[in-house]
Structure formats: structure tokens, C-alpha cells
Amino acid sequence: MSPELGLGIGWRPELEPVIDSDPDLFIEVIAENVNSEHLPPGLARYVAQGRQVIPHGIRLSLGGAELPDPKRLEHLQRLAARVGAPLVSEHIAFARAHGVEAGHVLPVPRTQEALEIIAANVAAAQAALDVPLALEHVSALSEWPDPEFNEPEFIAALIRETGAALLLDVSNLYANGTNHGFDPVEALDVLPLERIAYVHVGGGVVRDGRYHDTHTDPVVGEVLNLLAELARRGPLSGVLLERDGGFPADAETQAELNAIRDAAGLG
Amino acid sequence: MADREQYAERQKAFLDALQLRAPVPEGFDANDLDAAAAALTRKRAAGVRAAWPALCYGLGEEFLPRFRDYVQATPPPCEGDYAADGFAFARSLPRELLTEQAKVELAFARAANGSRLTAVRQGRSILVIAAWGRRRFCLTLGRSQPF
């Protein structure tokens, strides 16, 4: 079911020299950052080149209490059509509550009630989209009390319930495993790996005894090891590096992409 | 049947604690929540600092405490736009805290946000920014600065 994507990187203007140097890289674009009628020039060029481009939403709030906003869904659908996306992705998270913006993707309670609400939200999103939707689990330093599922069980249940694809983020899995005391490798036994559309890898740093998934630091070796373990379970159709700031020299980003390519077993 | 209203209430309580407006909701680990709140504030501060360098670096050591006060009072703008977030932050500050460069940064932001005519004093002269559609015209009035 998954398109062959290969190796990719989240589009940022600062990363265009790296993207330009490898015509095979696929791109992800933060959906809320662009206007589908007036794409930024770099992104428009990549679309014209025929690169695979995936819109990645951060503000649909599929884990929120309200059904997703039809205007936001319309934007996502329009952008997907404009860039010829094979799929779009969003988070299992809430981005606002009672009209107050979080400015971030925040974790949801892992309860049966939340599962029902999120599944209904996801169904509304799927109905508005012409392309498949992949759901990404988030990293969170603070978790909800009294969970009724552990994290991989909750993700698996939601994927089963909605028929959505899975955007597996090995850095988020590593972060939550490290900070909340579960083994991310064992989590791979529970997650529906056959539903993976593509995989995210991002950098992070340990600060005050906690691992922070910053996307502004290098990818740590433990995350690459987890990616390699995931690749041993079966071939991966796509793996994407998320770098949102603190951009290093192009050669360092290139080296990081090469390390991801090797760990993921991409040819 | 899932209760969406109660679900929203619980999420709002969590969000208010993360944005430093409310105490840790019952059942949450206070240390974890404090770490998460600090990380979110740091991320937001970094974004605003990148979008508003003159304003933020000009505040020096005042930046972080002032930014924390601002976070408590003001949720992020709708699309997580740091330019808009910094604009609101700048307007929340007492005018005397802004350096001359910060005032110029703010004047250009006002022009970008629709002000047709903005003026800011720079030493003995006045910088005037006129906005016409997407164009900006700048004019310095007053004594020229010796090099």
C-alpha cells in the first residue's frame, strides 16, 4: 500500500542546497507553513522536478475535543493536490483546547474514551481527503495519568480502528521509551509495522536527565540503532530526516542523511 | 458515549499548566510537567528570538523573565507564526525597554502588518517608513549622522 519514497528530508529553505544535491530525496512540507496557491519558489521547483512531496500537518488537532476544522482539511487537500502528494500525514495529538492554541503537538490521554474521540476525528479527516492519511505518534515529556493502554497498544488500536497508515517516528519512540521507562525495541513488537507509510528520524539532546526531541540537534546513535532494528523487521519504504533549526554545515546534514540511509538499509 | 466537553476541559487544564497559567492538574507528575512547560517556553522563545533578533537580544538578561510573563498572559498565535508571536511580545513590553534597533524592527513589522505610515526616532533624526502595497519606502528626516 505504501509508495516507494526512499530517503527524504523535511523542506526548509536553509536545507535547499542539500536537497538540490540529491535529486532522489523526497520532501515533506509543514502544511500550515505554505499557501497552496503560491508555493515558496524552492518548493515549487521541487514539485516541478517531479519529486515526491508529502504535506505534514501540525494544527489539525486530531486528538482534540472538536472535529477537525473543514477549512484546515480543505487546505490540506488542496496542498496535497497541488504537490501531487501520494499521502498526507498528521499527529495523534491536540494542538488547541477551548480555542487556546498550544503552539505544539501535545499528547492525548491513552483511554478508551480518547480513542473513540480521535477515531471519529480521523474518520472526518479521511472523508475530506482524496489521499491516504498517515498518523504520527508524538514525543512528550509530560504524560497523562491513569492510562488504560500503553503507548504502542494505543497507537495500534487507533490504526486498527481508523485504517490509517502509520508514520513511525523512531526518535519519538526512543524519547518516550527513555523518559517514561519502556523499551522502544519491545514496542516494535506491538506496533503495526505492516501499516508504516514512512518513518521519521529527528535529532535530540539530553538535558537535566531527560531526552529532548528538539529537531535542532544531531541524531543520536541510539535512535539510529532503533532505526536499524526497525529495518531488520522488514524493508522500509521511506525514511525522512526532520531538522527544524540550528542548521549545521551542508556536509554534516549530508553525512546524517547517509547514516540514516545505511541504518535503514535503503539502497 | 465519549464526553467531548469533559475531554476538552481536561485538555485545557493541561494546556494552561504547560503555558504557566495554572497549577499542575491532579494526577500529573509535577516534575515532568514542569520540564515540558520549560521546554515549550524555550522552543517558543527560540522561535521569537530568530524572528525578532534586535528586540530579543536588545533586552539582554531581561529577555527570559519578560518572555515568561508574556507566555503566561498570551497563548501562541493561531498558526505558530513566530513573527506574529514576536509582534505581540514587542507590544506587551514597556516602550522604554526597547533599544533603538528594536524600535526600528517594530516599525518595519507595523508596516508589514498594514500601517501605511510609521515613524521612529533615531537619535536626532526620524526614520519614516511608508508602505504602499508590498513596497516599502524609507526616509530619514533631520540631521544627518556624522561618520
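How many salt bridges are counted between chain B and chain A? The count is two salt bridges, a salt bridge being a side-chain nitrogen of Lys or Arg within 4 Å of a carboxyl oxygen of Asp or Glu. In one of them, the side chains of A:Arg210 and B:Asp32 meet at 2.8 Å, N to O.

This is a predicted model, in which local features need pLDDT of at least 70, side-chain atom pairs count only at pLDDT 80 or more, and totals for chains, interfaces and linings use all residues. Residues are numbered from 1 along each chain as its sequence is written, chains are lettered from A in the order in which they are written, and side-chain values use heavy atoms, with hydrogens and water left out.

| Item | Value |
|---|---|
| Residues from chain B in the contact (heavy atoms within 4.5 Å) | 34 residues |
| Residues from chain A in the contact | 37 residues |
| Area buried between chain B and chain A | about 3,000 Å² |

Buried area is the accessible area (1.4 Å probe) that two parts lose on being put together, summed over both. Carbon and sulfur atoms give 60% of the area buried between chain B and chain A.

On the side of chain B that touches chain A, α1 (4-18) and α2 (30-51) of chain B each supply at least two residues; helices are DSSP runs (H or I) of at least four residues, numbered from the N terminus. The largest share of that side, twelve residues, comes from α1(B).
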